[in-house]
Amino acid sequence: MIKYKLKCKNCETYFDSWFSSSTEYEKLKKKKFLNCHFCNSLNIEKTLMSPSIFRSKSSDEISIQNKKYKKIKNAISDYQKFIKKNFKYVGENFAHEARSIHYQNKKDSKGIYGEATKEDLNELKEEGIETKMIPWVKDNMN
Ligand SMILES: [Zn+2]
């Protein structure tokens, strides 16, 4: 079933109508079976679906989404602050540094953080080196 919003060009009234398909609509229109519910005019045209479907989100919904997003972003940025304070940044050397800590058994070393590819992480995992992937928000993002 498909719902069209039809417009009567005669009395400028909109009304909804259901059809089994878009071709059924064309057929009925050709046979002049489509008439205005209000003035019976045959001067009917199809408008783009029901506007309610395309209605843009109300500002309320958007602000709720923004709040949710801000909350998540704040949580991530708190986490980042913690990591920056307690972990050593090794940038793209992450896989290398993680290995040297693991194999040299550096017990006193700080945890590290940095960038690694998925392949790096898979390899580290195979070697028994625990890593954790976290979402990261760039500082310059608002
Ligand atoms: Zn009409």
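**View 1. The hairpin of β1 and β2.** Strands β1 and β2 form a hairpin in which five residues lie between them, and Glu12 in the turn has a positive phi of about 60°. Strands here, like helices, are DSSP runs numbered from the N terminus, with at least two residues (E) for a strand and at least four (H or I) for a helix. β1 (residues 2-8) pairs with β2 in the antiparallel sense over six bridges, where pairing requires that DSSP finds at least two bridges between two strands. Within this arrangement, Lys7 stands opposite Tyr14 in β2. The model is predicted, so that local features need pLDDT of at least 70 and side-chain atom pairs count only at pLDDT 80 or more, while totals for chains, interfaces and linings use all residues. Residues are numbered from 1 along each chain as its sequence is written.

View 2. A residue is buried if 20 or more other C-beta atoms, placed from the backbone, lie within 10 Å of its own, exposed if 12 or fewer do, and partly exposed in between. Of the 142 residues of the protein chain, 8% count as buried.

**View 3. The largest nonpolar core.** The largest nonpolar core has five residues in all, namely Tyr4, Leu6, Cys8, Leu34 and Ile44. β1 gives the most to this core, with three residues. Such a core is a set of buried Ala, Val, Leu, Ile, Met, Phe, Trp, Tyr and Cys residues joined through C-beta atoms within 7 Å.
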